[in-house]
Amino acid sequence: MIQSTKPFVSRGGTELRLEGVTKLYAGTAAVDRLDLTVAQGEFVTLLGASGSGKTTTLMMLAGFTQADSGRISIGGRDVTALPPGKRNLGVVFQNYSLFPHLTVAQNLAFPLEMRKLGRAEIKDAVLRALEIVHLPDKAERYPRELSGGQQQRVALARAIIFHPQALLMDEPLGALDKNLREHMQIEIKRLHASLGATIVFVTHDQEEALTMSNRVAVMDNGKIAQIASPRAIYEEPLNRFVASFIGQSNFLPGKVLGGRGDGFVVQLTTGDKLNCRGPHQPAPGDEVLAVVRPEHIAVYREAQIDGHRKTISGKVVDTLYLGHTIKLEVCLADGTRLMTQSTSAALDGVVPPPGSAVQLDLGSRSIWCIPAVEEAK
Amino acid sequence: MSAKTRLSRRRFLRSSAAASLALGVGGLGIPVVRAAGGQVIVRGLGGAYQDAMTAAIYRPFTATTGIEVVVQPATAAQVRAMVEAKRVSMDVIDLVDVSLFSLDNIGALEEIDYASMSFSNPDDLQPTVRRRNMAGNLYFSTVLAYNTEVFKPDAHPHNWAEFWSMTNFPGARTLADQRAGAAELEFALLADGVPRNKLYPIDTDRAFASLDKIKRGVVKWWDTGAVSAELLERKEAVVGGIWNGRAQALIDKGAPLAIEWNEAKRQVQYWGIVKGAPNAANAQKFIDFALQPKVQGELTRYIAYGPTNKKAFDFVRDADRRKLPSLPEHFAQSFEQDAEWWLSNLSGVGRRWQSWILSR
Amino acid sequence: MILSRKAVGPWLLLTPALLFLCIFFVYPLCNMLARSAFDPAPTLRHYTRLINEPAYLRVLLTTFEISLSVTLSALVIGYPLAYFLSQLKLRTANFLMVLVIVPYFTSVLVRTYAWMVLLGTEGILNQVLLGLGLVTRPLAIMFSRTSVVIGMTYILLPYMVLALYSVMRGIDTHLLHAAESLGAGRIRAFWRVFVPLSMPGVAAGGLLVAILSIGFFITPALMGNQQDSMISMLIEAQVETYFDWGFASALASILLACTLLLFLAYDRMVGLNRLFEAKQ
């Protein structure tokens with residue numbers, strides 16, 4: 001939607017860095033010795049459940065919350081002790097936080113007035129910003145007279161109008177309905193592309209995180225459980241937390257038999273052998289968990305077994321019919337239960353009744369494995 | 001001596017509401033339980049004054065007649081309102097002369113039935129206080145009271161001229177507001193050199209001109225006896241013209257005050273019966289009882305106000321006698337306020353006083 | 001249109017209150033208004049008397065001056081207090097708020113007497129000042145306009161604080177964060193964002209205190225002097241001492257008109273419904 005040809009933000013953005021940052025609340029660490037570097041022009045999303053420390057991290061970056069220890073720098077400059085106003089960061093809040101007593105134009109002018117820009121200059125910048133967010137006719141309106149999406153766009157415009165070094169967004173789309181949210185996701189992505197801005201985005205919505213970011217930092221208990229590209233977060237989770245937080249996962253226990261090529265062979269407790277790969281090359285005998293996404297499992301009835309494929313046999317315990325998808329809970333030979341998710345089409349619209357025997361095909365790719373016992377961090 | 005306090009006014013609101021409810025119920029034909037001899041509703045003034053009345057008059061009256069005395073605070077304005085609305089819930093009122101005269105002027109009072117009196121002999125009353133619609137209850141004086149810590153016994157203001165002299169006798173003063181009954185025009189004239197026997201008719205221009213001179217020295221013009229006492233007790237004023245009973249009560253409490261009787265102004269507190277009083281007959285009986293020499297004499301044990309019944313002095317204790325305005329020596333030094341003059345000039349003086357007091 | 005039982009029900013519940021108000025409020029009020037113009041015969045003299053007599057105009061002026069002083073004092077004291085309370089955790093704030101409001105349940109009379117004791121010649125304030133050697137003679141604070149303003153400000157402060165607090169509580173702290181993130185220092189964020197947003201509270205509290213001030217009686221009567229009489233004292237004097245009920249009614253009508261004007265201003269600026277609401 002944002003199609004300005006002129007680059008609005010003159011500078012491309014700046015690198016943000018948190019080193020060993022800790023914030024304690026009542027003796028408990030809300031953020032625990034956190035290290036995070038956001039490269040210049042990068043879009044990083046902090047993803048986590050509430051209480052995981054993602055908002056606290058953002059607030060420390062913005063300067064509203066003081067870190068108890070650690071160092072925060074923007075573009076190489078230490079800002080740990082700098083008040084928010086001096087950090088030159090654009091912040092977009094969950095509830096937009098537009099000033100209700102000021103018009104849209106006055107809201108946009110606010111950061112420029114704080115920077116003591118000239119009247120004409122401010123007027124010009126405000127008009128340009130309004131055009132960028134496609135609200136040129138709303139300058140004299142008050143925020144309460146705008147729709148949620150329009151308010152969101154004004155908030156966005158206000159956060160970028162003063163050429164901040166980076167944009168921080170705290171669940172900015174949380175209050176919008178689904179359609180508008182998807183629309184705004186695209187707009188923000190375009191904005192990111194056209195401005196080349198460094199953006200730190202906080203959300204609890206994993207889909208949003210995966211769609212928008214260059215990298216996603218999954219947060220758990222004040223720490224980053226994993227930071228990687230959306231694809232890597234989904235396909236190659238580092239640990240059990242990430243694997244189960246992003247989408248659904250089945251964890252099949254097994255033991256490493258030995259290496260093969262880039263990967264290794266694992267014998268599941270069911271006795272089946274799988275070609276696997278993982279974050280580390282394990283030693284034979286190591287206990288591992290094969291991470292199998294329900295949607296990656298093809299389900300065949302006994303009769304349909306394709307001889308070339310290696311399958312695992314199991315028995316249907318429970319079924320869930322969702323129209324376009326069918327979910328099955330299957331019990332394997334050793335009693336391990338796993339979930340499958342298939343399209344109706346793949347099963348020809350037939351739901352295998354509970355008790356019926358099925359063959360599960362885990363696919364031809366090697367299976368992602370994580371260590372069964374996680375090292376204490 | 002309208003000794004009403006703000007507190008008693010508030011109490012009045014409550015009790016009068018209750019009383020009018022009770023009367024209302026009675027009016028609806030629902031029987032109201034009353035004492036055997038019925039009741040009489042008397043205006044109460046609260047404080048030490050009411051305590052004295054209770055001990056010396058109310059209780060003995062009930063004991064003798066079986067008539068219950070119901071005490072109810074009220075201001076002159078409230079009595080007037082009752083009469084106007086023809087919803088009288090008060091029988092006997094006890095008011096300072098000028099206030100009662102003005103109530104009488106609007107026809108708010110019943111005639112006093114001297115002929116039927118049995119407890120008192122009306123002929124024993126001072127003739128000046130025996131009036132058609134009211135009977136003198138007691139004499140009181142407005143006296144010059146001063147703080148003995150500030151003024152040594154031999155170096156205190158002895159008269160109103162000295163009271164008026166801020167240079168010789170510095171310190172905050174207090175004097176009565178018109179609202180207390182009558183402004184101190186007489187004192188102003190005395191201070192200006194008018195002899196005691198030439199005060200009336202009052203030359204109001206001269207009086208106000210004299211008041212102008214003391215205006216800055218007066219910290220507050222008191223409107224109720226309670227306020228005057230507070231001012232002297234808290235030393236907000238170190239010398240003032242206040243009612244002798246109030247001053248005496250403070251002295252008896254140990255306050256460092258003394259009374260100068262010279263040039264004191266004598267006034268009369270009168271009994272009257274409200275027109276349309278619900279218990280008019282009992283009210284006549286009550287006033288008859290209250291005017292007895294023994295009762296009046298008894299009252300001086302409790303409060304330092306003087307009897308109007310000439311025979312009452314037989315019943316006054318020696319210790320109390322010297323505190324009374326009607327003591328012969330005090331009588332000689334003081335003068336009597338001309339209530340008649342005040343009555344006929346009340347509204348004129350009132351207007352003039354208002355503009356005078358409101359301006360700086 | 002036929003009113004259903006449901007529609008009539010709530011109105012029936014109002015009957016006792018309406019009846020009470022009609023008998024004890026509306027009727028006497030009309031009576032008063034009538035008296036101001038028909039006592040004893042149709043006349044405007046009670047009103048012309050007010051205009052022709054400088055002393056009475058002075059009383060009106062004094063009334064407004066004192067009301068304004070009290071309102072401003074209450075604002076100056078109440079604003080920081082309400083701000084402080086609004087920044088606390090709700091529980092702590094509620095507890096402290098109780099401390100602000102509890103005196104409000106005590107009689108005005110008692111509180112006025114307390115101030116008289118504090119401010120008197122022999123009062124605590126003067127004793128402290130004398131003890132510290134700051135003054136050589138006790139200050140004559142009592143029975144002046146100053147003492148009236150002090151006493152009234154104290155008594156009306158809770159109204160101001162409550163009005164301010166309820167608006168301040170409703171101000172989103174994120175807005176201040178937003179202002180700071182946009183380059184404002186804390187003080188500038190306060191002035192540019194918090195203060196403008198608290199203005200409804202200032203208007204509400206100010207008008208409320210002004211409305212209550214202009215009709216105030218007990219405190220000015222006890223703590224003031226006659227030269228600083230307020231209109232209510234003048235009314236009382238007409239009724240109690242001078243028996244001039246016509247003039248008293250005229251004065252009361254003027255007071256009523258001023259109060260209504262302020263209410264109108266309140267309604268325009270704040271909305272009367274705000275008077276009865278706790279939050280925005």
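Two residues are counted as in contact if their C-beta atoms, placed from the backbone, lie within 7 Å. By that criterion, 21 residues of chain B are in contact with 22 residues of chain C. This is a predicted model, in which local features need pLDDT of at least 70, side-chain atom pairs count only at pLDDT 80 or more, and totals for chains, interfaces and linings use all residues. Residues are numbered from 1 along each chain as its sequence is written, while chains are lettered from A and ligands numbered from 1 in the order in which they are written.

On the side of chain B that touches chain C, two or more residues each come from α3 (76-85), β6 (218-222) and α14 (339-358) of chain B. Helices (H or I, at least four residues) and strands (E, at least two) are DSSP runs, numbered from the N terminus. The largest share, five residues, is given by α14(B). By class, this side of chain B has five nonpolar, seven polar and nine charged residues; Ala, Val, Leu, Ile, Met, Phe, Trp, Tyr, Cys and Pro count as nonpolar, Asp, Glu, Lys and Arg as charged, and the others, Gly among them, as polar.

Within chain C, helices α9 (residues 186-214) and α12 (residues 245-269) pack with their axes 10 Å apart, at an angle of about 175°. Axes are lines fitted to C-alpha atoms, for helices over the stretch in contact, and angles run from 0 to 180 degrees between N-to-C directions. The two helices α9(C) and α12(C) are therefore roughly antiparallel, a label for angles over 145 degrees. Among the residues that meet are C:Leu207 and C:Ile211 of α9(C), and C:Leu262 and C:Phe263 of α12(C). The contact of α9(C) with α12(C) has 12 nonpolar, one polar and no charged residues.

An unreviewed UniProt entry lists residues 242-266 of chain C, among others, as "transmembrane region". In the model, residues 242-266 of chain C are 88% helix and 0% strand, with end C-alpha atoms 35 Å apart.

In chain A, four strands form an open antiparallel sheet in the order β2-β1-β4-β5; strands pair if DSSP finds at least two bridges between them. Strands β2 (28-38) and β5 (77-78) of chain A each have a single partner strand, so one side of each lacks a neighbour in the sheet. Two bridges join β4 (residues 69-74) of chain A to β5(A), and A:Ser73 has A:Asp78 as its bridge partner. Helix α1 (residues 54-62) of chain A packs on the sheet, touching β1 (16-25), β2 and β4 of chain A.

Notes:
Angles under 35 degrees count as roughly parallel, over 145 as roughly antiparallel, 65 to 115 as roughly perpendicular and the rest as oblique. UniProt positions are given in the numbering used here, feature names are shortened, and annotations may be inferred rather than shown by experiment.
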